[in-house]
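Let's take a friendly walk through this model, beginning at a ligand and ending with the chain as a whole.

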Amino acid sequence: MSRQRATVFVPGHVTAFFSAHPDDRPAAAGSRGAGVTLTDGVTVDVSAASGDGGTRLLDGEPSAIGAVEDVLDALDVPAVDVAVTADLPIGAGFGVSGAAALGTAVAANRAFDRGRSENDLVRIAHESEVRRGTGLGDVVAQARGGVPIRLEPGAPGFGALDGIPADARIEYVTFGELSTETVLGGDTTALSAAGVTALERVRADPRLPTMMAVAREFARSADLLVPEVDTAIDAVEAVGGEAAMAMLGRTVFALGTGLSDAGYDPEVCRIDAAGTRIVDERGRE
Ligand SMILES: Nc1ncnc2c1ncn2[C@@H]1O[C@H](COP(=O)(O)OP(=O)(O)OP(=O)(O)O)[C@@H](O)[C@H]1O
Ligand SMILES: CC(C)(CO)[C@@H](O)C(=O)[O-]
């Protein structure tokens, strides 16, 4: 008898720089790059449908995320209610769609006793996200936690991860959305060349300040920097801090108190140490 309900937390993921690596096989497609996972994230609750068909809620409002639907199909679960609650803005570079897909995979597997392994669930969520064009490297990073370096693209079995061993307070300010589908659907040649160079530099010196400096250069040479973010990065640098643009959003993130020191009123969290985890209410067993 399956438990019929499970709740999973998935950290947000901010990509600092990346290169895109398409492939006809969604499990082999992905990105290389680096970024930070955040204690601000997404909680996904999956339960047996309360009515006909099942409901989809995003922050309490009826709203569907394509990758979530594909995960449910891949796991062949019965009619379910899925409630996604995000600490983070959607479409602003925090990987909310990847988190929703991965959280749904892990929660549905647990709620309906699908017997899949972690690698299998990460692959299913990664494939769903890649097929929908809403992300390339967020899912594998969010499964891991910490400061993931994506050495090779793709799901487990194809990709390879390393990480920067670090803990830090992270501040962020969002000025609006940037469409991931539009950027990934365009010509990514120049962007990816800049991403490959950035990765070489971080592999040679795997430290947070290096990642931030490399990320600033990446955003400029990939022509992705938007004016509000550019201004904020300059303001943080002027007070001796480290900031960069979140890919892909009109978002700036900073180490420590960089944005507050520069006079902004940021959201505050930390680097997430644990990665994706089951957070069912205690006592439900
Ligand atoms: N209110 C909403 N605002 C934006 N997207 C929404 C909303 N409701 C559902 N969606 C769906 O959520 C997904 C958001 O994916 P998108 O990749 O743009 O954002 P993200 O994962 O938060 O950010 P990023 O990829 O920039 O890190 C899309 O599939 C979109 O159709
Ligand atoms: C493409 C991307 C920047 C979108 O958020 C992210 O998924 C990544 O780093 O692969």
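## Around ligand 2

Ligand 2 has 13 residues around it, and T15, S31, G135, L136 and G137 come nearest (a residue is near if its C-beta atom, placed from the backbone, lies within 6 Å). Two or more residues of this shell come from each of β1 (5-21), β2 (30-48) and α5 (180-185). By type, the shell holds 5 nonpolar, 7 polar and 1 charged, where Ala, Val, Leu, Ile, Met, Phe, Trp, Tyr, Cys and Pro count as nonpolar, Asp, Glu, Lys and Arg as charged, and the others, Gly among them, as polar.

This is a predicted model, where local features need pLDDT of at least 70 and side-chain atom pairs pLDDT 80 or more, while totals for chains, interfaces and linings use all residues. Residues are numbered from 1 along each chain as its sequence is written, with chains lettered from A and ligands numbered from 1 in the order in which they are written.

## The α2 and α3 pair

How do the axes of α2 and α3 cross? Helix α2 (residues 96-111) and helix α3 (residues 118-132) have axes that come within 9 Å and cross at roughly 140 degrees (lines fitted to C-alpha atoms over the stretch in contact, with angles from 0 to 180 degrees between N-to-C directions).

## The whole chain

The protein chain has 9 helices and 12 strands, taken as DSSP runs (H or I, at least four residues; E, at least two). Its C-alpha trace spans about 60 × 40 × 30 Å along the principal axes.
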